[in-house]
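This report is written for someone meeting this structure for the first time. Please look over the sequence and the model below before reading on.

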Amino acid sequence: VRSVTKTDAYQKPSGTSFVDVPNLAVTITPTRSDSKILVMYDMSWSTSSGHISCRMMRDSTAIKVGDAAGNRTQATGQWHYNSTDQYDTAQVSGTHMDSPATTSAVTYKMQVGTPHSASYDVRVNYQGDDTNLAWVGRTASSITVMEVSG
């Protein structure tokens with residue numbers, strides 16, 4: 001079992017591409033090539049504008065994403081901003097049973113993106129309206145992985 005908890009705040013740089021969330025990655029080395037890896041994740045995120053997406057990754061491969069369909073974004077989670085969302089953080093969380101088919105080290109990580117527009121923003125572990133007031137929270141995110149014998 002391996003786990004990571006991200007407690008610091010992060011804002012995705014401008015651009016439409018998906019990027020790794022710093023400090024939200026965990027590496028495990030399976031003992032058998034037929035082992036499964038149970039991935040359990042939760043990420044606290046927000047935006048002050050637009051559409052935001054995230055995806056769970058095994059190294060450079062997106063896992064637990066929907067099928068390709070035209071121009072639609074293959075994502076693990078998605079959120080669309082409305083006029084009061086800057087005061088909230090949302091949780092994207094779940095589990096996934098992965099089959100990496102290797103005995104080499106594999107890294108599981110979360111990526112965030114704004115594939116529709118570079119003007120949109122993604123924030124992790126804090127809300128869109130980040131004023132220094134007692135009601136403005138800071139949150140945490142985590143990924144835990146567990147090898148399950150094949």
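Asparagine 23 has its place in strand 3, where strands (E, at least two residues) and helices (H or I, at least four) are DSSP runs numbered from the N terminus. Although asparagine 23 is not a glycine, its phi is positive, at about 65 degrees. Most residues other than glycine have a negative phi.

A positive phi, of about 50 degrees, is also found at lysine 64, which is likewise not a glycine. Lysine 64 lies in the loop between strand 6 (61–63) and strand 7 (77–80), and with a relative accessible area of 33% it is partly exposed. Here buried means under 20% relative accessible area, exposed means over 50%, and partly exposed is what lies in between (1.4 Å probe, protein chains only).

## How the model is to be read

The model is predicted, and local features need a pLDDT of at least 70, side-chain atom pairs count only at pLDDT 80 or more, while totals for chains, interfaces and linings use all residues. Residues are numbered from 1 along each chain as its sequence is written, and side-chain values use heavy atoms, with hydrogens and water left out.

## The overall fold

The protein contains 0 helices and 11 strands, so that, read along the sequence, its pattern is β-β-β-β-β-β-β-β-β-β-β. Along the principal axes, the C-alpha atoms fill a box of roughly 50 × 40 × 20 Å. The radius of gyration is 16 Å, which agrees with the value near 15 Å that a compact globule of 150 residues would have; this radius is taken over C-alpha atoms, and the globule rule is 2.2 Å times the number of residues to the power 0.38.

Of the 150 residues, 42% count as buried. The protein exposes about 7,400 Å², and carbon and sulfur atoms supply 46% of that area, as computed by the Shrake-Rupley method with a 1.4 Å probe, with only the protein chains shown counting as cover for residues. Among contacts (heavy atoms within 4.5 Å) with a separation of 6 or more, residues 24 or more positions apart account for 78%.

In soluble globular proteins, nonpolar side chains tend to be buried together. The largest nonpolar core in this model has 25 residues, and those with the most contacts inside it are Met43, Trp45, Tyr108, Val112 and Ile143. The elements giving two or more residues to this core are strand 3, strand 4, strand 5 (51–58), strand 9 (106–113) and strand 11 (141–148), and strand 4 gives the most, with 5 residues. Such a core is a set of buried Ala, Val, Leu, Ile, Met, Phe, Trp, Tyr and Cys residues joined through side-chain atoms within 4.5 Å.

When residues up to four places away in sequence are not counted, valine 112 touches a list of residues that includes Tyr10, Phe18, Val21, Met43, Trp45, Cys54 and Val124.

## Strand 11 and serine 141

Strand 11 pairs in the antiparallel sense with strand 1 (residues 2–6) over 5 bridges, and also in the antiparallel sense with strand 4 over 7 bridges; two strands pair if DSSP finds at least two bridges between them. Within strand 11, serine 142 is the bridge partner of threonine 5, and threonine 144 is the bridge partner of methionine 40.

Serine 141 belongs to strand 11 and is buried, with a relative accessible area of 1%. Its side chain makes a polar contact of 2.7 Å with the side chain of asparagine 125, a polar contact being a pair of N or O atoms within 3.5 Å in which, within protein, one must be able to donate a hydrogen and the other to accept it, and residues adjacent in sequence count only if both atoms are side-chain atoms. Not counting residues up to four places away in sequence, serine 141 touches residues including Val4, Leu24, Met43 and Val124.

## Two loops in contact

Which residues does serine 33 contact, leaving aside its neighbours within four places in sequence? They are Ala101, Thr102 and Thr103. Serine 33 sits in the loop between strand 3 (19–28) and strand 4 (36–46) and is partly exposed, with a relative accessible area of 46%. The C-alpha atoms of serine 33 and cysteine 54, 21 residues apart along the chain, are separated by 28 Å.

Threonine 102 lies in the loop between strand 8 (90–98) and strand 9, and at 19% relative accessibility it counts as buried. Leaving out residues up to four places away in sequence, threonine 102 touches Pro30, Arg32 and Ser33. A polar atom of the threonine 102 side chain lies 2.9 Å from the backbone nitrogen of serine 104.
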